[in-house]
Structure formats: C-alpha cells, structure tokens
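Here is a quick walk through some helices, sheets and single residues of one model. Have the viewer open while you read.

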Amino acid sequence: MQDETLQQVKDKARQWLSMEIDDETRKEIDAMLKAENDELIDAFYKDLEFGTGGLRGVMGAGSNRMNIYTVGMATQGLANYLKKNFKDQQISVAIAYDCRNNGELFAKTTADIFSANDIKVYLFDALRPTPELSFAIRELGCQSGVVVTASHNPKEYNGYKVYWEDGAQIIEPHDKNIINEVASISDISEIKFDKNAELIEIIGDEIDKKYIDRLKTLSLSPEIIERNKNMKIVFTPIHGTAVKLVPMALKAYGFENVINIPEQDVTDGNFPTVKSPNPEEPAALEMALNKAKEIDADLVMATDPDADRVGIAVKNLKGEFELLNGNQAAVLLINYLLHKWKDNGKIDGKQYIVKTIVTTELLPKIAAHYGVKCHNVLTGFKYIADIIGRKEGEETFIGGGEESYGYLAGEFVRDKDAVMSCALIAEAVAWANDQGKSAFEMLFDIYMEYGLYYENLISIVKKGKAGADEIQAMMDKLRNDPPKKIHRKEVTAVIDYMKDEYRDLTAGVTKNIGLPKSNVLQFFLEDGSKISARPSGTEPKIKFYFGVTGELKSHREYDEAIEELKEKIEKIKADIL
C-alpha cells in the first residue's frame, strides 16, 4: 500500500483514539498502530457502509468494523430519521438478536441509544429468530425494528438489519433516507449512549406464545398430522435461534417425534460443529443426516443462525437422503399450500403467490393450474413483503419464496420465516406420507404433471478494481450486444431490469415491467430455458442463474432426465460465459 494511503489510515485510527472510546477498543487500536499491518488498513481504510438493509461486517475495533460505535452511529441516524417521520407521537421499536458473538452487546447498545433519544424500546430477553422480530413489530404497533444478525456469514461477522412499521425490511424511500441520516453522523460524540431505563421494556415468552398461536392458524391438515404425528423429524438449529421456536412450532402443529442434535442445540456464535452455518451447504447438515440414517427418519431440517432460511433432506427412490435445493423445497411447499387451499374451498380468484425473478418458473405453472396469480419480484424478500403490504385487504397471500432457501406463508410475518416453513414443510411431507408416498415421489408427481425443471447457480468472483471493471464489461456486452442464440436455441425474450424493459423478440413487442430498476438481465430461450445475470451490489462477484426444463414420463426416468438437463446447463454455460 502507498505511504500516503497508509498515513491516511493511521490518521483515522488516531482520530478514533482522540474520541471518547472504551479502554479495550483503545488498546486494540494502539496495537494495530504499532504493528502497521493489514489488519490496521482493513479496519480503517473506509467506514463500514450502511447499505439498503443495514450493516454487515467483521467484528472488531475500527471504522470498517462492527462494534458499539459503528452500531451506535447507525442507531443514532435511524433514531433521527424516525423522529423526523413520526412527529408528535411516542415512537417505539422492537429489537432482537441471534447467536452471534456480541449479539447481545450490540442489541443492548442499540436499545440504550434509542431510549436516550426518547424512543420506546421492546427488547427481547434472549436470542430470537428474525421472523419473530418482524411479527413483534406489527404485534406491538412499532414504527421500526432492528435485528442484530449476520445471517449465515462466517463467525467473524455480525450485522444490523432495519425494519419498518409494516414488519418488512426497509425499501425506498426509507432505505436511502436512513443511509443519508447515518452518513451525516461524523463523530462518536453525536451518539446518545446514556440510556433511559424507563423506556426499555423486556419482552419474551408472551410474544413467543402469540407468534406460535398465529403459526397454528396456517395449518391446513390437522387430521393428516394426527395420522402421521409419529413421523420421524430430525431438526438442527446449527447453534442458532431456532433451537426453541421450531420444536415449539412442530409440537403445536401436532408432531410428536422430533429428534434434535444435542451438540448443535448449544447456542454458540463460533459454530463449533460446522465450517459454515449455512443450510444451503450439504456439510452443514452432516450431523443431522447421520442421525437421520441411524433412525430411518422421514425428514431432515436445518435452519441458519437467525432462522429465516431452512434446508431440508428427504429420502430418494434408493432410500438415500438427498438434499433438496431451494427451488425444489419451494415447489414442494407451495404446491401443497395451493392444493389444500383448493381442497378446503378457499380459492376464489383473489389469492396470489410471489416468487423472485431468479426462482423456478415451475411455480407460476402450478399457480395457474389452481387459478392463483403469481407475482414476480426482484431478488430480496423485502420485495415479497412489499407486494403483501400493497395488496393487504384486497387480495390474499397464500405463500411465496426464493431459490435461496427462504419461504413464507400468511401475512402476519413480513420476512422469510424458517420457523413457519419447518412446520408447513413437515405438514407437506405428512400429506405425502398419508397418500403412501415419500416427499420425493410427490415431487416427481409434480414434475410429471407440469414438466421437469432444474436450476443451477454459479458465482464468478473478480477481485479489485480490475475485477469490478471486468464484471461491468460482461454486463455491458450482454446488454448492448445480446446473444441471438444460446446453445443453438433462439433467444425469444430479453428482460433488462435496469431499463425497465421486456422485449418479446418473437412478436417484436417491447413493454415496461414495472419493477424497481436493478442491474439484472434475463434471457428466455425457445425451449423454455432461462438465464439470469446479476452482479452483486456489495461483493466483487457476478451470479449467473440457469433454469432448464424437460419432460418426465415416469419416476424411474428421473435420474436420466436430470442428467440431460444438467448437461444442457453446462452447454449453456460454455456458450454464454
């Protein structure tokens, strides 16, 4: 690093030392200054950015780290914005935290600052799932909420997610306005740390009970659960917040044979039994799968640290446990919900489901079969929540999801909810069992009726400025000189979400899509294939999502048919990358 840049970093570190900081932080900064190593540079070369959802970063001392001061600046900025928006009333917020190291410290710091700004605080007495925070905001009539979590990031990270009065993560215009307020806080001295204890109320079991009671109202087949109540369910929270609520939800639904993994029931922000607490990764479910094989379980479920995502495994035709991807789990769950809603006479044309633009195209086909609308939204559950909020009271949300293992049903939570999903997925598997089928066979039935769909995702990392330029060049080429054919198939439609433009190349028609602008391109081929290109807004990488479709005539042909679709994706990748 150039001497000039190093000097700027050292100056910023010394600036922190001149402020009113605690002794431990002071010692940590002193040590970094003496060492003059990469740790000093990474800690101070920039300010930790308050993005559209909040903060996320490595914990430690420094302006580019998660600590009580960066959390404090974010909270003070949010408090200032709330006071501008909700004048002449008692503002209230709800605060939760997950199992991450320093989670309780950051949550209590946040509560102290809000109370010092004359804002009423409802603080959970211990770690709680993110979706319960969303529920609490609406249940308690709060204007905002914060959950301290870094989702399934590595153990070094923590984060800070902001919610609005509808229980959903912030979107425009609030996200950008809050960013501006936070950015205007330039000195630690502007943060009001002196709490007003009278404005902090501790909440806990009473909210749990109300939340579980509302979850029970989503159950569509209590009689089927009664017949399958001894179904063997292996569940692991992977050291996270679902350790209490998922077993409660499964019991409330009527499932009596839930088997835990004791080593992973231990709340621990170091996640000692896994490399990554991410249920999207097979290794995270290894202990649960071993237990499932040992006891011949019917279903395996694992949730991430803040319990908004769930990964599941069921037995395939060979009797081996197989992890379903996020699209498959969404199909299994949404198909069940739609089928039972129709069986129960609850569909009258005013219902809908929601999926993100990169999630499987099988969902709209299933929804159409049941006479239910399917809305497409940008990637991010906050956009699903936005649809629910805008249609509240006029149309009814049945369920929705995204390929990245997040699902939701009902309207009383406004974020992806793994607690709810675990209960309803278990119910869907019980429904399959009640018909003498495995969940995998039920999935095959869906494929045989609507078509076999297979999806795949790759992330390409390009580091540094050169990498960012390369990613931009890839998008520019795809946008300005789009392919006419991909893997010998005609491109029949192109969607450019940055331009708000849908081009039907077959009909020669162009129209607006009506979604917020986003740097995403999608290409649709004559054989039903879909390719999506989406650069990350926060990391030096670009994601390509591939979806292909074929025919499945019988259960026995599944393996061969899937291999053909996998081969098709590989050929598409070779053609477009």
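Helix H15 spans residues 381–391, and its buried residues are Phe381, Lys382, Ile384, Ala385, Ile387, Ile388 and Lys391. Buried here means under 20% relative accessible area, exposed means over 50%, and partly exposed is anything in between, using a 1.4 Å probe and protein chains only. Helices (H or I, at least four residues) and strands (E, at least two) are DSSP runs, numbered from the N terminus. The cover over the buried residues of H15 includes strands S12 (351–356), S13 (373–377), S14 (396–402) and S15 (406–409). Just past the helix, Gly393 has a positive phi of about 90°.

A word on ground rules: this is a predicted model, where local features need pLDDT of at least 70 and side-chain atom pairs count only at pLDDT 80 or more, while totals for chains, interfaces and linings use all residues. Residues are numbered from 1 along each chain as its sequence is written, and side-chain values use heavy atoms, with hydrogens and water left out.

Two strands count as paired if DSSP finds at least two bridges between them; S12 and S13 pair in the parallel sense over 5 bridges. Val354 stands opposite His375 in S13. Contact, by the way, means heavy atoms within 4.5 Å.

Now for the other sheet. What is the strand order in the open sheet of 5 strands? The order is S8-S7-S9-S10-S11, with mixed pairing. Strands S8 (258–260) and S11 (321–323) stand at the edges with a single partner strand each, so one side of each has no neighbour in the sheet. The twist averages 25° from one strand to the next. Inside, S7 (residues 233–236) and S9 (residues 299–303) pair in the parallel sense over 4 bridges, and Val234 has Val300 as its bridge partner in S9.

Val234 also turns up beside Lys291: leaving out residues up to four places away in sequence, Lys291 touches Val234, Ile259 and Ile261. Lys291 sits in helix H12 (residues 286–295). From C-alpha to C-alpha, Lys291 and Phe235 are 9.7 Å apart, though 56 residues separate them in sequence.

His174 lies in helix H7 (residues 174–183). With residues up to four places away in sequence left out, His174 touches Tyr81, Asn85 and Trp164.

| Residue | Relative accessible area | Class |
|---|---|---|
| Lys291 | 24% | partly exposed |
| Cys99 | 7% | buried |
| Cys374 | 24% | partly exposed |
| His174 | 18% | buried |

Last, the cysteines. How many disulfides does a search of the whole structure find? The count is 0, where a disulfide is a pair of cysteine sulfur atoms within 2.5 Å.

Conventions. Axes are lines fitted to C-alpha atoms, for helices over the stretch in contact, and angles run from 0 to 180 degrees between N-to-C directions.
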